Amino acid sequence: MEQRQITWRYKSKKGICHELGWQNGRQYPWILPRNQWEQNLWPAIRSGKSNSLPQYIAKTGIQPHPGKHNLKSSWVLCANLYFPFRATAEGMALLAGFLREHVSPEIEAVDELHLEFAEEGELHPANLLGEPGGQRGSGQTSPDLAFHVNGRRGLILIENKLTEHSFYPCSARRRTGSDERPGNPFPKRCEDIESILANHQAQCHQCHPKWHRKYWDILRPVVNEQAMGALNCCPAAYAGYQLFRQQALAEGIAQSGKYDFVWSCVALDARNEALLTCLAKTGIADLESGWAALFRGKARFKVFTHQQWVSWVKAHGDPAAWGPWLDYVSERYGLLESISAT
């Protein structure tokens with residue numbers, strides 16, 4: 001993907017600048033100058049367009065990913081693949097049809113698309129999950145993509161990935177810390193799943209009074225004892241932290257009764273075998289079925305691929321409306337040529 005983005009940048013007919021940008025103190029050919037980050041976007045969602053992503057950012061106050069000038073950015077991929085379809089009734093109908101086919105048959109219509117989603121009030125991550133001080137997109141669990149569906153009676157939360165190798169290790173496993181968040185004196189305890197299930201308040205450092213995260217408080221009552229007990233460690237320990245947090249968010253919202261149904265989903269590139277197998281050390285061989293088996297709550301779990309979405313648009317969308325977009329995502333990300341991988 002790195003090489004593909006470099007090739008696309010220098011061969012693109014879209015006028016992408018060739019000046020190297022900076023990241024972590026170095027220049028790379030897949031990094032744009034920060035003030036040129038909009039060249040990373042599908043042209044129809046740049047500033048000045050009717051469906052402008054920068055305008056959406058300003059209006060909602062979300063925090064876009066700091067690496068949005070990176071051509072490999074999964075945050076930008078999410079915007080390029082899904083955000084354009086919020087602008088028209090046909091686009092929203094395509095989203096609804098796709099979600100009905102690949103997430104749940106109970107999805108009838110998409111009402112609204114959100115980036116860096118968060119509820120308000122008691123369901124805000126600060127209150128529900130014990131994550132104070134954050135904002136949408138920074139310092140709290142904010143799904144990359146979300147949909148209100150069925151007259152806002154259903155909610156779909158989505159973690160979006162491209163080249164990432166995992167869903168990251170738990171932040172509370174570090175021995176070093178601060179006065180605000182002290183380090184974990186014994187991270188080895190994260191590997192004792194039986195003790196965690198028996199007393200997560202004592203075993204999980206996320207439950208330390210100064211961390212006071214509520215993920216296990218929400219999920220422990222809905223654990224599938226057999227599936228969870230067969231793991232080699234806490235499911236968040238090595239590579240499932242983001243999944244664990246989003247599952248807790250989805251379950252907490254579902255338990256509130258605000259919605260008829262809530263889904264926690266992952267959207268990923270079907271070619272990313274590292275991500276698909278990243279939970280093997282945890283004891284989960286198959287991402288979708290393995291993770292879904294861990295919980296028996298109200299929130300459900302599903303995985304779909306970007307290839308499936310692009311294939312759906314190609315099969316069901318108006319070629320006049322979406323042909324240029326299909327050409328763009330195919331040339332840039334290779335998603336049409338890799339359809340067979342799904």
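## Salt bridges and a buried helix

The side chains of R300 and E106 form a salt bridge, with N and O 2.8 Å apart. This pair joins distant parts of the chain. R300 sits in strand β7, which covers residues 300-305. E106 sits in the loop between α4 (89-102) and β3 (110-115). The two residues are 194 residues apart. R300 is partly exposed, at 32% relative accessible area. E106 is also partly exposed, at 27%. The model is a predicted one.

**The wider set of pairs**

Side chains of opposite charge can pair when their charged atoms come close. The structure holds 12 salt bridges.

| Pair | N to O distance | Relative accessible area |
|---|---|---|
| R300 and E106 | 2.8 Å | R300 32%, E106 27% |
| R245 and E131 | 3.7 Å | R245 18%, E131 2% |
| E288 and K302 | 3.9 Å | E288 26%, K302 24% |

Take R245 and E131, whose side chains meet in a salt bridge of 3.7 Å. R245 lies in helix α10, and E131 lies in the loop between α5 (125-128) and β4 (145-149), so the bridge ties together parts 114 residues apart in sequence. Is R245 buried or exposed? R245 counts as buried because its relative accessibility is 18%, under the 20% cut-off. E131 is buried too, at 2%.

E288 and K302 form another bridge, their closest N and O atoms being 3.9 Å apart. E288 belongs to helix α12 (residues 287-292) and K302 to strand β7, so this bridge ties together parts 14 residues apart in sequence. E288 is partly exposed, at 26% relative accessibility. K302 is partly exposed as well, with a relative accessible area of 24%.

Which residues are linked in it? They are E108, R153 and D260.

**Helix α10**

R245 leads back to helix α10. The helix runs over residues 241-256 and has 16 residues. From first C-alpha to last, α10 reaches 23 Å, close to the 22 Å expected at 1.5 Å a residue. Helix α10 is mostly covered, with 14 of its 16 residues buried. After the helix comes G257, which has a positive phi, near 85°.

Q247 also has its place in α10. Q247 is buried, with a relative accessible area of 2%. What does Q247 touch, leaving aside its neighbours within four places in sequence? Its contacts are L219, S264, W291, F295, A299 and F301.

**The whole protein**

The protein has 14 helices and 7 strands. Its radius of gyration is 20 Å, which agrees with the value near 20 Å for a compact globule of 342 residues. The C-alpha trace spans about 60 × 50 × 40 Å along its principal axes.

Buried residues make up 57% of the 342 residues. Among contacts with a separation of 6 or more, 68% come from residues 24 or more positions apart. The accessible surface comes to about 14900 Å². Carbon and sulfur atoms account for 48% of that surface.

Methods. Residues are numbered from 1 along each chain as its sequence is written. This is a predicted model: local features need pLDDT of at least 70, side-chain atom pairs count only at pLDDT 80 or more; totals for chains, interfaces and linings use all residues. Side-chain values use heavy atoms; hydrogens and water are left out. Helices (H or I, at least four residues) and strands (E, at least two) are DSSP runs, numbered from the N terminus. The expected span of a helix is 1.5 Å times one less than its number of residues. Buried means under 20% relative accessible area, exposed over 50%, partly exposed in between (1.4 Å probe, protein chains only). Contact means heavy atoms within 4.5 Å. A salt bridge is a side-chain nitrogen of Lys or Arg within 4 Å of a carboxyl oxygen of Asp or Glu. The radius of gyration is taken over C-alpha atoms; the globule rule is 2.2 Å times the number of residues to the power 0.38. Accessible areas come from the Shrake-Rupley method with a 1.4 Å probe; for residues, only the protein chains shown count as cover.
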